[in-house]
Amino acid sequence: MTTLTRDPARTAPAGPTRDNWIPRLGGPVWLVWRQHRAAFWTLVAVTLLGVVVMVHLRGQTMDFLAAQAPASRRSGGLPPEFETHVDRLFSIGSYLGYLPVLAGVFLGAPLIAGDLETGTAKLVTSQSVSRLRWLTMKLAVPAAMLALSAGVLTAVFTWWWSPVKGLSDGLIWTSFFSVTGVVPVAYALLTFTVGAAAGLLLRRTLVSMVVTLGIVVAIGFVWDEVWRSLGNVMSVSTDKGVGPGAVRPELPTQAEQSGDGAYFLTSSGDRLDWMTCLDQVENDRAHAACLESKHVIGWSIDYLPVSQMQSMQWLGAGIMLAVAAAVAAFVILRGRKRLL
């Protein structure tokens, strides 16, 4: 009896099979995802949870504002209950402020240090994959996940804060400068690459995490000290005297006063410290005569306007991303030559 067999070439379907068109991760990308899938899924879960919470809280805030008279919203005469919504904004904003710390310490520092410590790096580089490709994917995949997560969280938080900024003294734009716009994304990528560089150099996960924490704290301190210098300080002045009846210049809406406070403005355009003639302030005549002898004609106050917020954020983010790119290039070049 003759047994009939099918020729696979003849029986194969003419069109593409399901396995052919389903995109699959492969090579270094699959390995990076496999190694850090717990951290990636945690990042996704935290992002989704944060979005849900902020959308819910924003809805409550907008419902509260909708119940208030338009005149009270414009004049800032909202009831004390509005401070509850302000406190929620500050609480969520403070949580977002920890994102760069988490990115550097828990995602960046163990990234390469863990592979060096366990010997995974030696195994991977002994395969057909080049060190350059492996290091590039090692940085690119977590960076993409981190940027997406930070971008989504920041966008939703900015969407929540934008309608209420300026409605309370606590909602001034400088209080939310580092947790809105593009700054959080650039900040997180910077600390992530710094953590990866620390792990490459120190080669021990725990030590790298501790050192990265110290570096991130230092970066945060420097950032808090210098970010205001990204803007162009403007000034407003008066020339109606500085006596008891004189009115100091009024700052624009949502502007933050900068510098040491108000200055005395002289007729020549110079400015004197507000402590000028302070030793004679108890004697009105002597104090007035002292100020007159210095040709004081009014007040001058420096400030940063809210209109500069976005340009300052883009400038700061650009600087951070440039530093992050330089650190990433260092990691790739050094790892390519001296990984093991």
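**Strands, salt bridges and surface of a predicted model**

Author: Serine 237 has serine 300, in β4, as its bridge partner. This is a predicted model, in which local features need pLDDT of at least 70, side-chain atom pairs count only at pLDDT 80 or more, and totals for chains, interfaces and linings use all residues. Residues are numbered from 1 along each chain as its sequence is written, and side-chain values use heavy atoms, with hydrogens and water left out.

Reader: What makes β1 and β4 a pair of strands?

Author: Strands (E, at least two residues) and helices (H or I, at least four residues) are DSSP runs, numbered from the N terminus. Two strands pair if DSSP finds at least two bridges between them. Strand β1 (residues 234-237) is joined to β4 by 4 bridges, so the pair meets the requirement of at least two. The two strands run antiparallel.

Reader: Which way do β2 and β4 run, and how many bridges join them?

Author: β2 and β4 are antiparallel and are joined by 8 bridges. In this pairing, glutamate 256 stands opposite leucine 304 in β4.

Reader: Why is β4 described as largely enclosed?

Author: A residue is buried under 20% relative accessible area, exposed over 50% and partly exposed in between (1.4 Å probe, protein chains only). In β4, 8 of the 9 residues are buried, so the strand is largely enclosed by the rest of the structure.

Reader: What makes the contact between aspartate 302 and arginine 271 a salt bridge?

Author: A salt bridge is a side-chain nitrogen of Lys or Arg within 4 Å of a carboxyl oxygen of Asp or Glu. The closest N and O atoms of aspartate 302 and arginine 271 are 2.7 Å apart, so the pair qualifies. The pair links distant parts of the chain, 31 residues apart: aspartate 302 lies in strand β4 and arginine 271 in strand β3 (residues 271-273). Aspartate 302 counts as buried at 11% relative accessibility, whereas arginine 271, at 35%, counts as partly exposed.

Reader: How many salt bridges does the structure hold, and where does the pair of aspartate 115 and lysine 138 lie?

Author: The structure holds 3 salt bridges. Aspartate 115 and lysine 138 meet through their side chains at 2.6 Å, N to O. This pair joins distant parts of the chain, 23 residues apart, with aspartate 115 in helix α7 (residues 99-118) and lysine 138 in helix α9 (residues 131-161).

Reader: How do you know whether aspartate 115 and lysine 138 are buried or exposed?

Author: The relative accessible area of aspartate 115 is 5%, and that of lysine 138 is 0%. Both values are under 20%, so both residues are called buried.

Reader: What makes arginine 228 and glutamate 256 a salt bridge?

Author: Their side chains meet at 2.9 Å, N to O, which is within the 4 Å limit. Arginine 228 is in the loop between α11 and β1 and glutamate 256 in strand β2, 28 residues apart, so the pair links distant parts of the chain. Arginine 228 is partly exposed at 32% relative accessibility, while glutamate 256 is buried at 15%.

Reader: How do you know on which side of α12 the buried residues lie?

Author: Helix α12 (residues 284-293) has His287, Cys290 and Leu291 as its buried residues. They cover an arc of only 95° around the axis, which puts them on the same side of α12; the arc is that of the directions from the helix axis to the C-beta atoms. Arg285 and Glu292 are exposed on the other side. The buried residues pack against β2 (256-266) and β4 (296-304), where contact means heavy atoms within 4.5 Å.

Reader: Why is isoleucine 215 called partly exposed?

Author: Isoleucine 215 has a relative accessible area of 34%, and this falls between 20% and 50%. The residue is found in helix α11. Together with Leu201, Leu202, Val207, Val211 and Phe330, Ile215 makes a nonpolar surface patch of about 450 Å². Patches are made of residues with over 30% relative accessible area and no salt bridge; like charges are joined within 9 Å, nonpolar side chains (Val, Leu, Ile, Met, Phe, Trp, Tyr) within 5 Å. The areas come from the Shrake-Rupley method with a 1.4 Å probe, and for residues only the protein chains shown count as cover. α11 gives the most to the patch, with 3 residues.
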